[in-house]
Amino acid sequence: MSKSNILIIEDEPSIADNIKLALERESYAVTWVGTIEAADEAMESNTYNLIVLDIGLPDGSGFDFCQNIRTKSDVPVIILTARNSEIDKIVGLEIGADDYMTKPFSPRELVARVRAILRRTVRVIPTQTYSTVQNQAGVDISVDEEAFRIDINQSQLPLSPHEFRIFICLLKSPGRVYSRSQLLDKAWDEPHAAMERTVDAHIKSLRAKIKKACEKDLIRTHRGFGYSFSES
Ligand code: CA
């Protein structure tokens with residue numbers, strides 16, 4: 001298997017060095033740039049499997065850069081934010097990041113996220129009927145996509161079609177954060193006709209049904225980003 005190429009866009013050398021070392025220790029091929037201009041150049045001549053992106057860069061904002069990437073590529077992006085106020089800025093913004101970390105963070109944690117994202121990027125997702133066994137929280141979840149049926153602890157969840165599609169989407173990539181608009185795209189035939197608040201309403205109802213079935217909250221809210229399926 002070939003090495004994954006990772007691009008770090010971070011202007012603070014001490015942080016970049018730490019991340020680079022931690023990733024190289026895991027045998028990733030790492031390129032580090034400190035500006036958006038250098039990142040643009042790097043991306044023109046190379047293909048990357050994942051980008052680690054700082055928000056506050058000397059020649060612009062990582063937010064804008066991320067939105068720009070999304071117009072041309074699906075490459076996974078992990079955002080590094082320096083302050084909670086930056087997370088606030090993410091609220092309502094559809095920047096298309098796959099994950100985010102608030103500084104200070106441990107390089108080991110970042111490496112774990114990178115590994116998780118790369119694993120699910122290359123994983124082939126079955127499109128046919130499949131079932132998952134027991135998750136880490138000890139909850140049995142089985143899925144029959146063709147029958148539009150999800151069972152928790154052997155009893156069928158009474159799901160609406162939208163709830164079913166949202167849950168399937170979250171389940172297939174445990175831990176992956178989906179924004180409201182991504183969930184709209186996955187679960188609605190005409191996403192533009194629906195409002196993002198509709199997703200919140202369906203998540204609320206889906207959550208209540210799951211809790212009733214297993215007394216656990218299997219959906220995690222990521223403030224400003226969206227929702228994910230939580231395995232523990
Ligand atoms: Ca910075």
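Reader: Which residues coordinate the calcium ion, and at what distances?

Author: In this predicted model, the calcium ion is coordinated by Asp11 (OD), Asp54 (OD) and Gly56 (O), at 2.2 to 2.3 Å.

Reader: What makes these atoms donors of the calcium ion?

Author: For Ca, an N, O or S atom counts as a donor within 3.2 Å. The atoms of Asp11, Asp54 and Gly56 lie at 2.2 to 2.3 Å, and therefore they are counted as donors. Water is not among the atoms, so the site may look incomplete.

Reader: What makes the contact of Asp54 with Lys103 a salt bridge?

Author: The rule asks for a side-chain nitrogen of Lys or Arg within 4 Å of a carboxyl oxygen of Asp or Glu. Between the side chains of Asp54 and Lys103 the N to O distance is 2.9 Å, so the pair meets the rule. Asp54 lies in strand 3 and Lys103 in the loop between strand 7 (99-102) and helix 5, 49 residues apart. Both Asp54 and Lys103 are buried. Glu10 joins Asp54 and Lys103 in a network of salt bridges.

Reader: How many salt bridges does this rule give?

Author: The count comes to ten salt bridges. Among them is the pair of Glu26 and Arg115, with the closest N and O atoms 3.1 Å apart. Glu26 is in the loop between helix 1 and strand 2 (29-33), and Arg115 is in helix 5 (residues 107-122), 89 residues apart. Another pair is Asp99 with Arg113, at 3.1 Å from N to O. Asp99 belongs to strand 7 and Arg113 to helix 5, 14 residues apart.

Reader: How do you know whether the residues of these two pairs are buried or partly exposed?

Author: The limit for buried is under 20% relative accessible area. Asp99, at 10%, falls below that limit and is therefore buried. Arg113 is partly exposed, because its relative accessible area is 23%. Glu26 counts as partly exposed at 37%, and Arg115 is partly exposed at 35%.

Reader: Why is helix 7 called roughly perpendicular to helix 8?

Author: Helix 7 (residues 180-187) and helix 8 (residues 196-214) pack at an angle of about 80 degrees, with their axes 9 Å apart. Angles of 65 to 115 degrees count as roughly perpendicular, so helix 7 is roughly perpendicular to helix 8. In this contact Arg180, Ser181, Leu183 and Leu184 of helix 7 meet Glu196, Arg197, Val199, Asp200 and Ile203 of helix 8. These residues divide into four nonpolar, one polar and four charged.

Reader: What makes helix 6 roughly perpendicular to helix 8?

Author: The axes of helix 6 (residues 161-172) and helix 8 come within 10 Å and cross at roughly 80 degrees. That angle lies in the range of 65 to 115 degrees, and therefore helix 6 is roughly perpendicular to helix 8. The residues of this contact divide into six nonpolar, three polar and two charged. Phe167 and Leu170 are among those of helix 6, and Leu206 and Ile210 among those of helix 8.

Reader: What is the peptide bond between Lys103 and Pro104, cis or trans?

Author: The bond joining Lys103 and Pro104 is cis, with omega about -5 degrees. Pro104 is found in the loop between strand 7 and helix 5. Most peptide bonds are trans.

Reader: Why is Gln154 called exposed, whereas Asn153 is partly exposed?

Author: Exposed means over 50% relative accessible area. Gln154, at 63%, passes that cut-off and so counts as exposed. Phi is near 45 degrees for Asn153 and near 65 degrees for Gln154.

Key
Residues numbered from 1 in each chain as written. Predicted model: local features only at pLDDT ≥ 70, side-chain atom pairs only at ≥ 80, totals over all residues. Heavy atoms only, no water. Donors = N, O, S within 2.8 Å, 3.2 Å for Na, K, Ca; no water. Helix = DSSP H or I, 4+ residues; strand = E, 2+ residues; numbered from the N terminus. Buried < 20%, exposed > 50% of the residue type's maximum accessible area, 1.4 Å probe, protein only. Axes fitted to C-alpha atoms, helices over the stretch in contact; angles between N-to-C directions. Parallel < 35°, antiparallel > 145°, perpendicular 65-115°, else oblique. Contact = heavy atoms within 4.5 Å. Nonpolar A, V, L, I, M, F, W, Y, C, P; charged D, E, K, R; others polar.
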